[in-house]
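Please keep the model open while reading.

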Amino acid sequence: MRKVKTLTWVVFLVSGLAMAAANLMAAEYPERAIEILVPFGAGGGSDTAARAVAEGLKPQLKNGVVVNNMPGGGATKGMLYVSQQPADGYSVLAVTTSHLIDAVKPKTRSQLLRDFDPLCRIQWDTSAVTISGDSQFKTLTDLIEWGKKNPKGLKFAGTSPGGWSEIQTVAFFKKAGVEVTFVPFDSGAEIKAAILGGHITGAVEELAETLPLIEAGKLKSLCVIMETRHPALPNVPCSKEVGIDYTHGLMRAWAVKKGTPPERQKFLLDVITKSLQHPMYVKFIQDEHLDVRPGYLGPEETRKYWEEEVNFFSGVLKELGYVK
Amino acid sequence: MLDHYLQAVATVLLPHNLLAMVLGSLWGLLAGALPGISTSMGVVLLLSFTYSLSPMTAFVLLVGAYLGGITGGSITSILFGIPGEPSSVPTVIEGHALAKKGRATFALWVYLLCSIYGGLFSVVVMIVATPLIASFALKFGPAEYFALTVLGLSVVSGLSGGSMLKGFLSCFFGLFLATIGTDGITGEERYTFDTTILLGGINFVVAMVGLLAVSEIFIEAEEPFKEYKGGVQYRGMLREFPPFSLFKGYLLTMIRSPIIGTIVGALPGAGATIAAFLSYGEAARTAKREPEKFGKGAVEGLMAAECANNASTGGSMTILLSLGIPGSNTTAMMIAAFMIHGMQPGPLLLSTRPDIVYGIFASMLLTNLLLLGLTILAIRMFLELNRMPYSIFSAAIMILCAIGAYGLTNNMDDVYLMFAFSLIGYAMRKFDIPVAPCILALVLGDMAELSLRRALLLSGGSPLILVGSPISIVLLSGALLSIVYPLFKKPKMLQGL
């Protein structure tokens with residue numbers, strides 16, 4: 001009996017020591033899975049982008065990576081959540097332009113520029129002015145001229161009132177000297193149906209989403225908002241070409257809470273940069289035409305880009321009357 | 001054309017595709033029947049498994065889960081009064097009332113046969129008239145959506161049971177709930193009290209699970225020591241098989257309901273839930289025989305709801321495959337599946353990948369037939385659950401409700417909200433206020449408000465746009481009729497006003 005007791009003690013001691021040793025060895029970051037928090041629902045643009053990068057992260061992180069969705073509050077709910085986690089590099093926020101707009105007048109206690117350190121920008125999307133395929137307007141000039149004669153007569157749809165969608169629509173047409181009516185809808189699906197049904201004039205939206213309908217001739221694009229023509233639509237002029245000085249696009253970046261140790265930020269940046277070279281990710285951005293404009297920016301450049309964009313948005317929001 | 005279909009059927013019947021169909025449908029039935037897991041969540045959970053499958057097998061699997069989910073939602077609705085899916089709420093009202101009268105197996109048969117019939121009807125319509133449905137759905141602009149929601153809301157009188165006053169009370173409470181959260185037109189925050197909990201508004205799944213499922217458990221828990229005889233009494237399945245003459249007797253409902261379902265299913269922004277409510281409301285409004293039975297176990301109401309919610313699947317897929325526009329949450333998830341396999345759903349899909357499009361048609365047809373058998377198995381399984389002591393069963397359901405609410409957005413806030421709603425639901429039941437009008441108003445309220453304001457933005461403020469098209473006029477006069485008609489016809493309905 002005594003022997004058994006001693007044996008039990010020995011087993012306890014040894015396993016205890018082994019566990020302690022294992023803990024010491026595993027103390028190297030990351031010792032558990034890294035959470036990528038997408039502040040939008042599953043299946044959307046930000047979600048598919050984050051999951052594509054995560055595929056490339058999986059082979060590099062032995063404890064894995066988890067993509068979680070937390071939609072709500074125009075992407076601010078998820079941002080607030082990450083800002084409330086410890087700054088230990090285990091929670092990464094998938095940032096989009098929505099957060100830059102929120103930074104002008106934060107909805108929650110969290111503010112992107114103040115509370116987060118950027119890791120890198122990963123994508124810079126292209127938008128286009130899209131109208132119905134059988135619309136009376138043949139070129140952007142037709143549309144602008146008609147719009148100048150009929151202030152507020154052009155009805156353009158978008159998804160987020162006071163957000164990216166409204167800003168890019170109103171700001172683009174303002175540069176062109178036209179005042180349009182912005183009509184917010186709940187989803188891109190409803191907008192496409194409303195354009196096809198002739199209920200609204202058109203929309204300024206990310207190009208990849210509408211490309212299948214454009215290729216089929218159901219919709220047509222009058223102008224792509226970038227510096228050069230878009231390879232998928234070589235016959236459509238770009239905004240610079242038609243003399244409209246506006247090339248902003250939706251951006252996606254990744255960030256961690258401010259105060260995360262620099263060596264962990266460096267580690268994350270390295271693994272993310274590497275996974276952007278992963279063949280699966282490369283194929284994904286080719287399919288989605290996200291490789292048309294170079295998306296990648298390092299931490300310093302990303303912060304500088306963010307600050308410039310926030311300045312720009314703050315001006316537009318003031319003109320629209322959202323901020324006093 | 002015909003060999004396309006034959007080839008598609010042959011592909012779908014390959015052993016590995018058949019296996020995928022069976023597994024997908026079983027998973028869908030389970031996800032649908034459990035209150036916490038919605039059909040779209042069921043499809044999302046399967047998505048990550050489809051990376052390694054061939055495209056056809058992947059779609060057979062997902063179609064199975066989609067159709068199974070919409071079908072499965074009503075089993076728990078009828079047996080336990082707990083809706084597995086939002087689209088099964090009308091089924092809870094009529095089906096569970098029938099079950100309480102000892103006709104559970106009869107209600108289950110009616111539900112099953114109508115579901116399969118509705119599903120097959122919409123697939124056939126889809127195969128024959130895809131371009132027609134798509135172009136009709138596109139005619140719906142903000143003004144038409146508004147008219148549709150008004151028609152939907154006008155059926156409150158049919159959902160109210162005894163007192164119209166209480167019905168409208170419940171309805172207005174639901175409309176109020178729909179105004180909470182971020183304003184969809186101005187981006188302003190409403191009734192959020194500067195917290196993030198309410199910023200995104202109240203998800204109607206959270207409200208529905210709390211108001212109907214959890215509060216039902218509270219009510220049952222009031223009598224923990226009553227002699228237990230099983231949840232509901234029922235007779236053997238074979239003895240309760242409904243005769244053909246039953247369906248023939250409700251010919252109008254049987255023809256109208258799947259048509260409503262298919263069209264509403266094709267409208268982006270509407271979907272199975274609104275289809276079920278509208279069709280149910282139409283049946284309640286035009287019921288010639290026993291209109292007083294509505295709310296207390298009307299077979300006709302059960303038929304209307306079940307035909308329509310299953311028929312919405314064909315409508316949703318039609319608009320997805322022909323235009324690349326998702327008609328519902330679940331089909332929005334399917335877009336991700338197309339992208340995983342390097343395809344873009346849109347008008348060109350039929351010419352670039354006809355095999356996939358015809359394959360999806362074929363698998364929808366075959367899945368509906370398969371579900372006839374599988375659902376009988378599922379029903380038998382759930383009937384066994386009925387023998388389990390309710391105290392144990394209800395605890396399991398409560399856990400599922402909490403998980404489901406959490407799983408919507410991975411957030412505890414929704415769980416708190418769900419429990420808050422369960423208390424409200426309990427109080428409403430105690431005061432005999434019907435819960436269904438509140439859920440209907442919450443589902444439709446947001447759409448009604450936003451489409452009205454969108455329409456007025458488009459017209460520059462002129463209300464004439466609301467009656468600017470034949471569709472709106474027909475829908476609005478239907479709504480007017482259903483509000484005015486009972487006032488003249490049956491003064492009894494006004495008791496309590």
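Why is α4(A) largely enclosed by the rest of the structure? Eight of the eight residues of this helix are buried, so the rest of the structure largely encloses α4(A). A residue is called buried if 20 or more other C-beta atoms lie within 10 Å of its own, exposed if 12 or fewer, and partly exposed in between, with C-beta atoms placed from the backbone. Helices (H or I, at least four residues) and strands (E, at least two) are DSSP runs, numbered from the N terminus. The model is predicted, and local features need pLDDT of at least 70, side-chain atom pairs count only at pLDDT 80 or more, while totals for chains, interfaces and linings use all residues. Residues are numbered from 1 along each chain as its sequence is written, and chains are lettered from A and ligands numbered from 1 in the order in which they are written.

The buried residues of α4(A) include T97(A), H99(A), D102(A) and V104(A). Their cover includes α3 (76-84), β3 (91-96), α5 (112-115), α7 (164-175), β10 (251-257) and α12 of chain A. Contact here is a matter of C-beta atoms, placed from the backbone, that lie within 7 Å.

Chain A as a whole has twelve helices and ten strands. Its C-alpha atoms fill a box of roughly 100 × 45 × 35 Å along the principal axes. Of its 324 residues, 49% count as buried. Among contacts in chain A with a separation of 6 or more, 75% come from residues 24 or more positions apart.

Two domains divide chain A: domain 1 (32-124 + 251-320) and domain 2 (127-225), with bounds that come from an automatic or database domain assignment. Taken over C-alpha atoms, the centres of domain 1 and domain 2 of chain A are separated by 28 Å. Nine residues from domain 1 of chain A and eight residues from domain 2 of chain A take part in the contact. On the side of domain 1 of chain A that touches domain 2 of chain A, the elements giving two or more residues are α4 (97-104) and α12 (299-320) of chain A. That side divides into four nonpolar, four polar and one charged residue. In this count Ala, Val, Leu, Ile, Met, Phe, Trp, Tyr, Cys and Pro are nonpolar, Asp, Glu, Lys and Arg are charged, and the others, Gly among them, are polar.

How many residues does the contact take from chain B and from chain A? It takes 36 residues from chain B and 37 residues from chain A. On the side of chain B that touches chain A, α14 (329-340) and α19 (436-459) of chain B give two or more residues. The largest share of that side, five residues, comes from α14(B). By class, the side of chain B that touches chain A has 19 nonpolar, 15 polar and two charged residues.

The largest nonpolar core has 257 residues. Such a core is a set of buried Ala, Val, Leu, Ile, Met, Phe, Trp, Tyr and Cys residues joined through C-beta atoms within 7 Å. Among the residues that touch the most other members are L62(B), A207(B) and L442(B). Helix α5 (residues 89-138) of chain B gives the most to this core, with 24 residues. Domain 1 (32-124 + 251-320) and domain 2 (127-225) of chain A both give residues to this core, so it lies between them. Leaving aside neighbours within four places in sequence, L442(B) is in contact with G174(B), L177(B), A178(B), I202(B), F204(B) and A207(B).

Helix α9 (residues 204-221) of chain B is largely enclosed by the rest of the structure, because 14 of its 18 residues are buried. A bend of about 30 degrees lies at G210(B), given as the angle between axes fitted to the seven residues ending there and the seven starting there.

A455(B) sits in helix α19 of chain B. With 24 C-beta neighbours inside 10 Å, A455(B) counts as buried.

Some backbone details remain in chain A. Y29(A) and P30(A) are joined by a cis peptide bond, with omega about -5 degrees. P30(A) is in the loop between α1 (2-26) and β1 (34-38) of chain A. K152(A), which is not a glycine, has a positive phi of about 65 degrees.

Definitions and conventions:
Contact = placed C-beta atoms within 7 Å.
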